[in-house]
Amino acid sequence: MTTTRGTFGRALALAILTTTILAGAGPALADEDGCRNPRDRKGWLVGFNAGWGSSSYGATVGTRTFSDDPYGGSLGALRGGYAFSNAFAVTLEGYGFGSSAGQDDWGMGAGFATVTWWPAGGGFFVRGGLGAGGGEVLLRETGRKLEIEGKGAALFSLGYEWQLGRNFALGVAADAFGFHLDGASGLEDDYVGVGGMSIQFNWYL
């Protein structure tokens, strides 16, 4: 284990930078007349994300904080819900992460009730959610596998989406979700999580 607790922070910092750069390219996504597709999100929506992430495990021993070296793997999500306006939507979402770690797998999944906010109805968005989930977590240092069930979970995402048609929007998102383990690893203040980048596909019906 290392003494750094920064997997979430590093993943989100890189993702925020990437999102900012891509958001600046938004005006380039215009039609032949130079006019961007108008946004009309209000109504039912469905979508999914697909991308790449890395695991995070941390705990406290006395006054020292430890974190396990991360595993990289696939990150994905499914969503369905309702947009009350161009700026606000409520959805049910499922997020999953999987990594092949030798002969064992490292995987997590959770379901969330989420709120997405697009400030001023634009392309930039912030998403947050609360839910529950579980998975199997393989610790590098000891080779021990933790089985997690029914743990409370939290989700946070930042991103930007471009309206490519009346019903379809393509975006990029920085996603992070995780659980507090309540001492399941035998250490204090233990947690697991995932942070990563994904491509987002939304259909506004």
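These are my notebook entries on one predicted model.

**Ground rules**

I number residues from 1 along each chain, as its sequence is written. The model is predicted, so local features need pLDDT of at least 70, side-chain atom pairs count only at pLDDT 80 or more, totals for chains, interfaces and linings use all residues, and side-chain values use heavy atoms, with hydrogens and water left out.

**Entry 1: the overall fold**

I looked up the elements of the protein chain. I found one helix and nine strands. Helices (H or I, at least four residues) and strands (E, at least two) are DSSP runs, numbered from the N terminus. Along the sequence the pattern reads α-β-β-β-β-β-β-β-β-β.

Next I checked burial. Of the 205 residues in the chain, 45% are buried. Buried means under 20% relative accessible area, exposed over 50%, and partly exposed in between (1.4 Å probe, protein chains only). The accessible surface comes to about 9600 Å², and 62% of that belongs to carbon and sulfur atoms. Such areas come from the Shrake-Rupley method with a 1.4 Å probe; for residues, only the protein chains shown count as cover.

I also looked at contacts (heavy atoms within 4.5 Å). Among those between residues at least 6 apart in sequence, 65% join residues at least 24 apart.

**Entry 2: strand 1 and its partners**

Which strands run antiparallel to strand 1, joined by 15 bridges? I found strand 9. Two strands pair if DSSP finds at least two bridges between them. Strand 1 also pairs with strand 3 in the antiparallel sense, over twelve bridges. With strand 2 I found four bridges, again antiparallel.

I then followed Val46. Its bridge partner in strand 3 is Gly80. In strand 9, Val46 stands opposite Trp203. Ala59 faces Phe66 in strand 2. The hairpin of strands 1 and 2 has two residues between the strands, and Gly62 there takes a positive phi near 65°.

**Entry 3: Thr65**

I placed Thr65 in strand 2 (residues 64-67). Thr65 counts as partly exposed because its relative accessibility is 27%. Thr65 and Glu188 are 123 residues apart in sequence, yet 9.5 Å apart in space, C-alpha to C-alpha.

**Entry 4: the core**

Nonpolar side chains tend to be buried together in soluble globular proteins. I looked up the largest nonpolar core here, which has 23 residues. A nonpolar core is a set of buried Ala, Val, Leu, Ile, Met, Phe, Trp, Tyr and Cys residues joined through side-chain atoms within 4.5 Å. Trp106, Met108, Phe112, Val137, Phe177, Val192 and Val194 touch the most other members. Apart from this core lies another of eight residues, among them Leu45, Trp118, Ala169 and Ala173.

I checked what Val192 touches, leaving out residues up to four places away in sequence. The list includes Ser56, Met108, Val137 and Phe179.

**Entry 5: a nonpolar patch**

Which residues form a nonpolar patch on the surface? They are Trp44, Val46, Phe48, Leu78, Trp203 and Leu205, with about 620 Å² of accessible area together. The largest share, three residues, comes from strand 1 (residues 43-61). Leu78 lies in strand 3 (residues 72-83). Leu78 counts as exposed because its relative accessibility is 58%.

Patch residues have over 30% relative accessible area and no salt bridge; like charges are joined within 9 Å, nonpolar side chains (Val, Leu, Ile, Met, Phe, Trp, Tyr) within 5 Å. A salt bridge is a side-chain nitrogen of Lys or Arg within 4 Å of a carboxyl oxygen of Asp or Glu.
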